[in-house]
Amino acid sequence: MLDRWNTAYLSGLTHMASSAAAGTGPSYIDAVFFGNPDPLAAFARYFRVSLRQEDLVPSDQPLETVLGQWLGDRDVTEGLFHWIGFHIGQPGRVWVLPEDEKLTEAMSRERGGLGAFYFMEDLCFAAFPDGLACFMMGNDE
């Protein structure tokens, strides 16, 4: 089930970080949080997409590195992770999309999807003690 409090918190943090970061250009980051049990199934129902655990690729990089690459700003990334850890906890495992994935296209509002952006560029998932966060990058231009 969508955890509205954690979603609002992460969404606010990622919007602020995107606004302050040097490397995002017209794009920005948004986030949603789904609580246990079975947060990935809740994500798929919420966004009306087909997604299973085996559709995702375990990342060999921590979440801070993945989002740091999106933001292109080390100081902003460090601040973002301070506040994420302060209220949500430390992220555990991270999953990214395979190179041939179709999820960003299916979630883009341009294609009728229910994602946060008109053009969905990328997304990743991270496990937290109370559930799963999905971080999405895109733009509305």
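**Reading cysteines and the fold**

Modeller: The structure holds zero disulfides, a disulfide being a pair of cysteine sulfur atoms within 2.5 Å. This is a predicted model, where local features need pLDDT of at least 70, side-chain atom pairs count only at pLDDT 80 or more, and totals for chains, interfaces and linings use all residues. Residues are numbered from 1 along each chain as its sequence is written, and side-chain values use heavy atoms, leaving out hydrogens and water.

Colleague: Is Cys 124 buried or exposed?

Modeller: Look at relative accessible area: under 20% is buried, over 50% exposed, and in between partly exposed (1.4 Å probe, protein chains only). Cys 124 has 1%, so it's buried. Cys 134 is buried too, at 0%. Across the protein chain, 49% of the 141 residues count as buried.

Colleague: How many helices and strands does the protein chain have?

Modeller: Both are DSSP runs numbered from the N terminus: helices are H or I, at least four residues, and strands are E, at least two. Here you get five helices and five strands, in the order α-β-α-β-α-α-β-α-β-β.

Colleague: What does the radius of gyration say about the protein chain?

Modeller: It's taken over C-alpha atoms, and the globule rule is 2.2 Å times the number of residues to the power 0.38. For 141 residues, a compact globule would come out near 14 Å, and the protein chain has 14 Å, which agrees.
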